[in-house]
Amino acid sequence: DFTRSTAATRVNNNGEIELMNSNIPRLDYTDGSGSILLEPESTNLIQYSEDFSQSYWEGQITRTAGFLDPTGNSGAYLITKDIDTYIATDSISISDLTEYTASVYLKAKTPTTVTFKLQELGGDFTNYFSSSIQLTNEWVRYEITGEKEVDGNNARVVIVNSNDEEEFYMYGVQLELGVSTSYIPNNGTLLGETREKETLEKDGLGDYINSSEGVLYVEMKALVDDDNYKVVEFNENSSGSKRIALGFKGDEAIFYYNDGTPSQLERYNTDVFSYNKFALKYDSQNVKFYLNGVLVDTFTHQLNIDFNTFESDRYATDTFYGHIKDLQVYKTALTDEELTQLTTI
């Protein structure tokens with residue numbers, strides 16, 4: 001069972017942005033390999049993220065529509081220096097001392113360097129955060145992240161092209177709270193266009209998972225490295241305490257089990273933004289944790305869990321957001337050699 005009450009975009013296996021209907025999971029190829037993408041709710045605060053002919057976009061700079069965009073259609077604009085050297089959004093209301101991420105798809109027509117920034121609108125026009133970008137002849141999504149200063153003013157997203165006779169293509173501008181997520185098209189919604197959160201669940205696992213011995217395996221990476229738990233979970237039922245959780249917290253990989261006896265939680269430093277391979281083996285004598293080809297812990301304990309449900313969001317603060325590349329269950333306990341091979345990166 002998969003839920004997302006709105007449409008959402010993915011990068012398909014041709015490298016193009018594709019819009020998926022509500023409640024359809026996304027097999028995403030952003031990093032070149034297919035993985036199920038699960039993201040939190042996010043809102044694109046840019047009122048017109050693709051139509052740069054709107055008066056919402058300021059600057060006396062020439063904007064020509066009708067060029068090939070990252071979706072494979074003709075929605076991109078060619079931006080050419082005119083009287084001004086910049087193109088910028090209208091006023092955007094955002095909060096002081098809060099982190100935001102701005103992103104945009106850009107491609108050079110001629111060798112071009114642009115500055116991409118989030119800027120105070122009014123006051124002394126402080127650049128909250130910015131990046132100088134040497135564009136290529138391929139579509140690339142560029143991102144900048146930072147915190148808005150305390151000034152009480154609104155902000156704007158600005159792209160500056162300072163040199164004559166330099167041209168570039170532009171598509172899909174986004175400003176969102178927190179870290180970057182997949183592109184959310186906005187075609188005029190004043191207060192922003194929202195993609196709802198995604199959840200993944202499967203009941204009736206008793207036919208698939210042996211309660212006396214087996215292996216639970218997952219390969220995944222996280223979207224963020226904050227202090228919330230980001231775990232997937234196998235349990236007896238959504239309201240029960242008997243469960244196994246695998247995932248991340250901060251810069252650590254997490255293994256957890258609780259079967260009514262004293263629970264066990266273990267943490268291991270890892271790169272949460274790269275794919276990690278987790279395996280939890282259990283049998284009549286031991287519980288073993290494997291991470292990226294290494295047996296990291298063994299516990300003399302026999303699990304007492306009748307597995308029935310898989311969930312990505314049992315608790316709101318523990319919801320897993322990220323990429324799941326592989327998920328497997330084994331009805332028999334694999335050998336140590338097999339588990340080392342299975343989890344080696």
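Buried means under 20% relative accessible area, exposed means over 50%, and partly exposed lies in between, with a 1.4 Å probe and protein chains only.

**Stop 1: a buried glutamate**

Select Glu-219. At 10% relative accessibility, Glu-219 counts as buried. Glu-219 is found in strand β19, residues 214-222. Helices (H or I, at least four residues) and strands (E, at least two) are DSSP runs, numbered from the N terminus.

This is a predicted model: local features need pLDDT of at least 70, side-chain atom pairs count only at pLDDT 80 or more, and totals for chains, interfaces and linings use all residues. Residues are numbered from 1 along each chain as its sequence is written, and side-chain values use heavy atoms, with hydrogens and water left out.

Now show what touches Glu-219. Contact means heavy atoms within 4.5 Å. Leaving aside neighbours within four places in sequence, Glu-219 is in contact with Tyr-275, Asn-276, Lys-277, His-323, Ile-324, Lys-325 and Asp-326.

Stay with two residues from that list, Tyr-275 and Lys-325. The charged end of Lys-325 sits over the ring of Tyr-275, 4.0 Å from the ring centre. A charge sits over a ring if NZ of Lys or CZ of Arg is within 6 Å of the ring centre and within 35 degrees of the ring normal. Another such arrangement involves Lys-249, whose charged end sits over the ring of Tyr-229, 5.3 Å from its centre.

**Stop 2: zoom out**

Show the whole chain. The protein chain holds 1 helix and 28 strands. Its C-alpha trace spans about 75 × 40 × 35 Å along the principal axes. Of the 345 residues, 51% are buried. Take the contacts between residues at least 6 apart in sequence: 67% of them join residues at least 24 apart.

**Stop 3: an open sheet**

Select strands β8, β9, β16, β11 and β14. They form an open sheet of 5 strands, in the order β8-β9-β16-β11-β14, with antiparallel pairing. Two strands pair if DSSP finds at least two bridges between them. The edge strands are β8 (62-67) and β14 (140-147), and each pairs on one side only. From one strand to the next, the twist averages 35 degrees. For such angles, axes are lines fitted to C-alpha atoms, for helices over the stretch in contact, and angles run from 0 to 180 degrees between N-to-C directions.

Walk across the sheet from β8. Antiparallel strands β8 and β9 are joined by 5 bridges. Phe-67 stands opposite Ala-76 in β9.

How many residues of strand β9 are buried? In β9 (residues 76-80), 5 of 5 residues are buried. Both faces are covered: Ala-76, Leu-78 and Thr-80 lie on one side, and Tyr-77 and Ile-79 on the other.

Move on to β16 (residues 167-177), which runs antiparallel to β9 and is joined to it by 4 bridges. Here Phe-168 is the bridge partner of Ile-79.

At the other end, β11 (residues 99-108) pairs with β14 in the antiparallel sense over 8 bridges. Pick out Ser-103, which stands opposite Glu-143 in β14.

**Stop 4: an exposed serine**

Select Ser-132 in strand β13, residues 127-134. At 57% relative accessibility, Ser-132 counts as exposed. Beyond neighbours within four places in sequence, Ser-132 is in contact with Thr-113, Val-114 and Thr-115. Ser-132 and Val-114 are 18 residues apart in sequence, and 5.8 Å apart in space, C-alpha to C-alpha.

**Stop 5: aromatic rings**

Show Phe, Tyr and Trp side chains. The structure holds 17 aromatic pairs. Rings of Phe, Tyr and Trp (its six-membered ring) pair if their centres lie within 6.5 Å; planes under 30 degrees apart count as stacked, over 60 as edge-to-face and the rest as tilted.

Tyr-56 and Trp-57 make an edge-to-face pair, 5.9 Å centre to centre, with 85 degrees between the planes. Tyr-56 and Trp-57 are both buried.

Phe-255 and Phe-289 are stacked, 4.5 Å centre to centre, with 15 degrees between the planes. Phe-255 lies in strand β22 (residues 252-258) and Phe-289 in strand β25 (residues 286-291), so the pair ties together parts 34 residues apart in sequence. Phe-255 is buried at 0% relative accessibility, and Phe-289 is buried with a relative accessible area of 0%.

Phe-248, Phe-255, Tyr-257, Tyr-268, Phe-278, Phe-289 and Phe-299 form one aromatic cluster.

**Stop 6: another buried glutamate**

Finish at Glu-311 in strand β27, residues 309-311. Glu-311 counts as buried, at 5% relative accessibility. Its side chain makes a polar contact with the side chain of Asn-235, at 2.8 Å. A polar contact is a pair of N or O atoms within 3.5 Å; within protein, one must be able to donate a hydrogen and the other to accept it, and residues adjacent in sequence count only if both atoms are side-chain atoms.
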